[in-house]
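Hi everyone, thanks for coming. Let's have a look at the spaces inside a protein model together.

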Amino acid sequence: MGGETFEIATFKSSYPKLSAHPVGQWIPNIYKDRISIFTSGGQYETKNLRAMLSDGSASGTPHIKLSVWDAPDLSRPTFKDATNHKFKPASVGEWFGPSWSTHWFKVQITVPHELLEKELLELHWDANNEGMVWTEDGNPLQGLTGGGERVEWILPEKFRDGKEHMIYIEMACNGMFGNAPGGDSIQPPDPNKYFQLSKADIVAVNVEARHLYIDMWEIGDAAREFPTDSWEQHKAMKVANDVIDAFELGSQDSILKGRKIAQEYLGKHASSAKVYDSGTEPIVYGVGHCHIDTCWLWPWAETKRKVARSWSNQCDLMDRYPEHIFTCSQAQQYKWLKQYYPYVFDRVKAKVKKGTFQPVGGSWVEHDTNMPSGESLVRQFVYGQRFFESNFGERCKTFWLPDTFGYSSQLPQLCRLAGMTRFFTQKLSWNNINKFPHTTFNWVSLDGSQVICHMAPAETYTAEANFGDVRRSVTQHKSMDQDNTSLLVFGKGDGGGGPTWEHLEKLRRCRGMSDTVGLLPRVHLGEGVEDFFDRLEKKASNGLDFVTWYGELYFELHRGTYTTQANNKRNNRKSEIMLHDIEQLAALASIKSDFKYPKKEIDDMWEGVLLCQFHDCLPGSSIEMCYDDSDELYAKVFKTGEKILKDLSSFLGVQEVTTLSPRENLVAFNTMPWHRREIISTGNNQAGVACGEGNLLNIKTFKISETPEVTVNEVRSGVFVLQNEQLTVEVEGGSIRSLYDRKADREIVAKGGKANQLVIFDDKPLYWQAWDVEAYHLDSRKELSSGPTKISQSDAHQVSVVTETKISEKSWIKTYISLSAAFKGQQSYVEMHSEVEWQESMKFLKVEFPVDVRNTEASYETQFGIVRRPTHYNTTWDMAKFEVCCHKFADLSEHGYGVSILNDSKYGFATCGNLMRLSLLRAPKAPDAHADMGRHHIRWAILPHQGELGSTTVRTAYNFNNPLKLVQCQESVTPATFSNPIKLTGNPSLILDTIKRGEDDEDVSRGELSKGKGKSVILRVYDSLGGTSKGTIETTLDVKKAWKTNILEDDEEELKIEKGKLGITLRPFEVATFRLQL
């Protein structure tokens, strides 16, 4: 051992002894800016990479021949209609318009000989507006956006024969975001915009140069956005500059050399779907998406075309990019596509079957969730899920609302009842006061139901698939301690479009970069939304306890949408009530007799109402054209409903009372499911007392006693006192200076306060006029001074005073304050009815009620329940709720006593300390310059009550919104004949909200899904106050079986029914659906 010798290899250095020349350090900002210059337009675009993106082009005759037919009167004719007309010659450079007009182009294409063998040939068409490419025989192929975006259409192989081929292009004279003047897209549209056809060229694309362009885009982003203290940033800068140094104008070899250099940073598969096959673990999952507002800065008619344009684009991209998975919601848009573009619908259907086009959401539209009734939210899911199941074979599992303005507290429960366990949004990232603290979490409903919620940390649903979007998917992720994965939802949106080829190419480079140099989160394409949520659910099933958020996801922005477009909101409330009545009466009539349940008409009505609940329609944030459309649709809904009600009245044996009708056999028409006792006017200043249960109530004569039951007196000049057995109301100057509860022996109006005081505010939000009201508007409060008050009614059953208040030279409000005779054991209330002429600009009208009640929380009716919100500003989270949404009532109660404010068509409210404030009207000027202008009729009421908030308020609010209607019945008809065969007894907090027929009953079904046997009745019951509630469903119907179902009417649990009685127990705020099989 020992003594061995080893040869050690020595490094032979060629390091020079003498310095050859000075070498300076790069100046980072200069070399970074150089990268942008290499790919940008401007003074160098004929010398940089852009100059080599094309391998040749051709335009004008004989290669491109254009002719046009101008559709008349802003019509949107079909292909068949348009192509039957005579076309006139057209040329590049011509202008077309006005706004919203349609122009059909016949495009005759002959590829020149020198371009026939080029790798990729495209037609580049840019008219700075939207368009659709059609085949010669009438198949829509692809949408065009204009303005430099999505202007290319790939020429088919058959066009490479040197012969003339023909296509059509349908030009829509609107941009992606409508027709706003100038650069502010939310301003009212300019009706006289014209668009210039600036380009119609055949272009041979230099494919490798285009790839290098995308390479440099992403490497340049890395150089600009990676931390300057990272080697990855310096490497990006070096590689990008090496590419630029290698470039020689006109040399294809230099393009190929540049691509080879780029691979040092992006890897060798960065322009191929193979880049996603690296086997490395991604944490960002990219999903293509195209958010199309069903109406907004354009009308519904344009949306129908946007859907076809956008979704045909995606089908085309799926054929070229195997990793492209695209998701889209809104059953209404799929139905439009099926109706008007069956060729595109068939393409979509084939992609759905393949798994690359994935329907999501489960709802009819991406609806507002604040203002629709509980039953409307149910029907969004019923109609949505039934459409998806009947057309694509399965229901959606993920609720999808990326752009809606806040999320009400019962949505998780309704999602679970509609077969969905997940929810996606991102809108709360727009909060302008507090930052929402979670990315992935369990969202818990009022009843305890939960869904997994994910809010994209890139904080957009229209990501441009940039380097920064991928990076923000981690840097802005707020739930990394529990799960580090996220969705990146990318694609042009709002006005449609969806992902482009650039988006898909950029994401390939991002993945290649992550696998090659790292630092950028690893993004993956090829899996859908359901795959992403499946992984989250699996983690939860395996014990991962996601953080929770209980109750509403309140949106700290767009608070003005509870009030804007008052007429539209009124139509929503009235149509919901009408549908409730029709379904109840038609269900009972179709069971008792051969009356045909009008399913088609009910479906058409519901689909119209659900469409109008879209999140830019019902909230009031669309252009005027959209409200012309919704007014027309509501008119159709009401006309259909009135005809059905007339048919039902004939079945019931009753008819409307007219001024000429004899006052005989009068009864009150009722659709509420409980006992009612109310005064009802019978005409000629006479009244009766309607009393009982069922659809027709007996009317007894109102007895006039020696001591009047309700009085009004002017006790001193300008001061009026209205009084019944329970309440004393003192009115001065149009406001209530005193409201005294005689039974409870207490004053309701706060000391020195004035209830029913009209106030007006300056209303100039930071930007979004129709959407927003900012906290600072409260600083501009101004009381409106009223004119003289007069007695307007002094009947034995009801008294009223009226006050007219001048708002401005153009606007006024006439307010009636009324008090009716009180009934023993039934709480009396003070009712207000106002008629308003509203011609203001950027003002906000409200009515205030300072009450002598103290609580740190107020209660507001929401769908199927109550939401409690702070009355103080302790934290910024509390203060952010300075304007909130309520339905039929808001309530402020302390131990033993409270006050409820009822309304018949309003949704905006605030409670600050003891000051309750109902929002009446706004006057924004964008995007509808005439929003809310005109005449309005509004009802509200003050309902004091002993005890805390209870069933008195809930039921009175229902009654207030569903007033009894005077009808005349045939002599042979008695109210007892129409006692309701279904009753709900037990805890008064239980509400029997809906009675309808089963969707798939054999005599009702329209055949979209398999029919069930026999007849059934569906009942929707909920606990309204937040306690475990027991009750009994009692029926005289011959019920064979009873089931508890979900809201889609799938049987889940068979229940025991004995002698027509079915005992039920609901947990707090539970929504329960029961099916009675007859």
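How many cavities of 30 Å³ or more does the structure hold? The structure holds nine of them. This is a predicted model, where local features need pLDDT of at least 70, side-chain atom pairs count only at pLDDT 80 or more, and totals for chains, interfaces and linings use all residues. Residues are numbered from 1 along each chain as its sequence is written, and side-chain values use heavy atoms, with hydrogens and water left out.

On a 1 Å grid over the protein atoms alone, a cavity is a set of points where a 1.4 Å probe fits but cannot get out, and lining residues have an atom within 4 Å of a point. A volume is the space filled by probe spheres set on the points, which are joined across faces, edges and corners.

The largest cavity has a volume of about 410 Å³. Of its 28 lining residues, Ser 373, Glu 576, Lys 888, Tyr 958 and Asp 993 are the closest to the centre. Which helix gives the largest share of that lining? That is α14, with five residues; helices here are DSSP runs (H or I, at least four residues), as are strands (E, at least two), numbered from the N terminus. At least two lining residues each come from α9 (374-392), α14 (566-592), β40 (857-862), α18 (951-961) and β50 (990-997).

Notes:
On a 1 Å grid over the protein atoms alone, a cavity is a set of points where a 1.4 Å probe fits but cannot get out, and a pocket is an open set with protein on both sides within 12 Å along at least five of seven lines; lining residues have an atom within 4 Å of a point.
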